[in-house]
Amino acid sequence: MRRVVIIGAGIAGLAAAIRLAKKGFAVRVLEAGSQPGGKMSEIRKEGFRFDTGPSLFTLPHLVEELLEEKLSSKYHKLNLITRYFWEDGTLVNAWAEADKFALEMEHVLGVPASAVHKYLDEARFLYEHTAEMFIFNPVMSLKTLFSAAGLHALKALPRLKAFRSMHSYHEQCFSNPKAVQLFDRFATYNGSDPYKAPATLTMIPHLEHNLGAWFPQGGIYQIAQDLENKAKQLGVSFHHNEAATLIHFRGKKAYTVQTSSNTYETDLVISDVDIARVYDHLIPHKPLPMRYINRPVSSSAIIFYWGIRRTSPMLDVHNILFAEDYRKEFDALANGTLADDLTVYLFISSKIVKSDAPEGCENWFAMINAPYDRGQNWNELRLKARNIILSKVQRILGMDISKDILVEDYADPPLIAIKTGSWRGALYGISSNDPMAAFLRHPNKVSAFSNVYFVGGSVHPGGGIPLCLASAKIVDKLIKK
Ligand SMILES: Cc1cc2nc3c(=O)[nH]c(=O)nc-3n(C[C@H](O)[C@H](O)[C@H](O)COP(=O)(O)OP(=O)(O)OC[C@H]3O[C@@H](n4cnc5c(N)ncnc54)[C@H](O)[C@@H]3O)c2cc1C
């Protein structure tokens, strides 16, 4: 039986473990932390449970195909995806059903429903023509270019909009600035800046508004648990609290993976570790290739996990309280700091998972976009963010929650970096602001190593749950039985 060592039990490492076990490999997963899931983790405190990282989950079929079961009974499809609030009292409900959402945009913002449909149809066109080529295949090669997927993608080339920004495209589609802001926000789904990121990324809303967003009955962390359980059923062995420290090579071939307590012989290695750390720590004899050095990384976040002793009938699971000047917010991020007004994302899983908070209470995940770590004074920035969030909640929702916080925890870029190994605390690997970003990510396999593969949010095709799962699918294709 051929052996594979997988380093890291993030979502992509778990997916790779299942795929390789199904292929007949003896799979061993080394995980530095005590839990599976990496960024997809959870905290439990005094009767409250919080998902710590991802909260918006799309493309569930990528999990279904790993678990080999229909998830409709235990993963709930959201009817209302997000409630968007503005300072002047405007509220838009982003319904999952495209017709209902388009009508809401027309009634509340005066945007013709037909303009919303046209926008979402274009997003669908882009996704359907390019996903197979750019998301589910290895980074561009002549073979993929001349494949059926490559030829299909060519049809979308004139409509890719790679050399204009998302924001300028949205201004062309919608005359209402709030509609522009609402769709601009999708740039943050891979840590980008809508004023810089290519309008190609306007395919992201297709996932939510044409295909739908889902929520597992046990919270987002249930996805990591379900995947780990499935992997265990398939015979995968997990070594938690055992970080890999070095991969040993003979020429181009890796033959052992070392940890502080063991050395494991192996035929293949799959790394789910942030690619910058792989070259720094695990393969120190090879420097990170020049084209990745000094590339800016995606944005990070400051998150407060608040258990509060009250409920909020005006809120749903996913809520956005928009900043008045969105451009200022992104300019500040680019300069490594925070603006004085911030867009606040409130995620409250206890709206669905009642056991996530005690009776009469709620578990608030209050997040703002933050710059990646460049050695800023994070105590200061965290305090600033906390004050801005609390006063924004009071202004827009009329709730003074400061005295109702029973339980508090937080995450910021340095902590995210320490806990998940992510370079500079970036949530999604290298920045996607560059129109060529899709081609600049580290490939899933490079010729310098004959039996080492790379998965996860810092390599091709990118960050976010669906793309991480896609990276494992690509590696599965690359590895012969
Ligand atoms: C706050 C936040 C919000 C997010 N929101 C969303 C969202 O709403 N929707 C979405 O789709 N995505 C979201 N994301 C992004 C998404 O969570 C990530 O892209 C994805 O989970 C990354 O998975 P990964 O496989 O790259 O592994 P990671 O989650 O990065 O995990 C890597 C694992 O490797 C382990 N490791 C590192 N070094 C070693 C070593 N030497 N030896 C052994 N183990 C090691 C780490 O402990 C970790 O468990 C969010 C992320 C964060 C942090």
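**Labels and their grounds**

Tutor: Start with a loop. Pro461 sits in the loop between β20 (452–454) and α16 (465–478). Keep in mind that this is a predicted model.

Student: What makes the peptide bond between His460 and Pro461 cis?
Tutor: Its omega. The angle is about 0°, and the bond joining His460 and Pro461 is cis. In general, most peptide bonds are trans.

Student: Why is Asn241 called exposed?
Tutor: Exposed means over 50%. Asn241 has 57% relative accessibility, so it counts as exposed. Its place is the loop between β10 (237–239) and β11 (244–250).

Student: What is the phi of Asn241?
Tutor: About 55°, a positive value, although Asn241 is not a glycine. As a rule, most residues other than glycine have a negative phi.

Student: What is the phi of Arg424, and where is Arg424 found?
Tutor: Phi of Arg424 is near 60°, again positive in a residue other than glycine. Arg424 lies in the loop between α14 and α15 (437–440).

Student: Why is Arg424 called partly exposed?
Tutor: That class lies between the 20% and 50% limits. Arg424 has a relative accessible area of 36%, so it is partly exposed.

Student: Which residues of α14 are buried?
Tutor: In α14 (residues 413–420), they are Pro413, Ile416 and Ala417.

Student: How do you know that the buried residues of α14 line one face?
Tutor: Look down the axis of α14. Its buried residues fall within an arc of 100°, so they line one face of the helix. On the other side, Ile418 and Lys419 are exposed.

Student: What covers the buried residues of α14?
Tutor: The cover includes α11 (275–282), β15 (300–308), β18 (362–370), α13 (378–397) and β19 (405–411). Just after α14 comes Gly421, with a positive phi of about 80°.

Student: Why are Cys361 and Cys468 called buried?
Tutor: The limit is 20%. Cys361 is at 14% relative accessibility, so it counts as buried. Cys468 has a relative accessible area of 9%, so it is buried too.

Student: How many cavities of 30 Å³ or more are there?
Tutor: Two. The second largest cavity has a volume of about 30 Å³.

Student: What makes up the lining of the second largest cavity?
Tutor: Thr188, Gly191, Ser299, Met367, Asn369, Leu427 and Tyr428. By class, that lining has three nonpolar, four polar and no charged residues. Gly is among the polar ones by this scheme.

Student: How much space lies in the second largest pocket, and what lines it?
Tutor: About 380 Å³. Its lining has 21 residues, and Ala276, Leu288, Tyr292, Asn294 and Trp423 lie nearest its centre. Twelve of the lining residues are nonpolar, four polar and five charged.

Definitions and conventions: Residues numbered from 1 in each chain as written. Predicted model: local features only at pLDDT ≥ 70, side-chain atom pairs only at ≥ 80, totals over all residues. Heavy atoms only, no water. Buried < 20%, exposed > 50% of the residue type's maximum accessible area, 1.4 Å probe, protein only. Helix = DSSP H or I, 4+ residues; strand = E, 2+ residues; numbered from the N terminus. Arc of directions from axis to C-beta. Contact = heavy atoms within 4.5 Å. 1 Å grid on protein atoms, 1.4 Å probe; cavity = no way out; pocket = protein on both sides within 12 Å on 5 of 7 lines; lining within 4 Å. Points joined across faces, edges and corners; volume = space filled by probe spheres on them.
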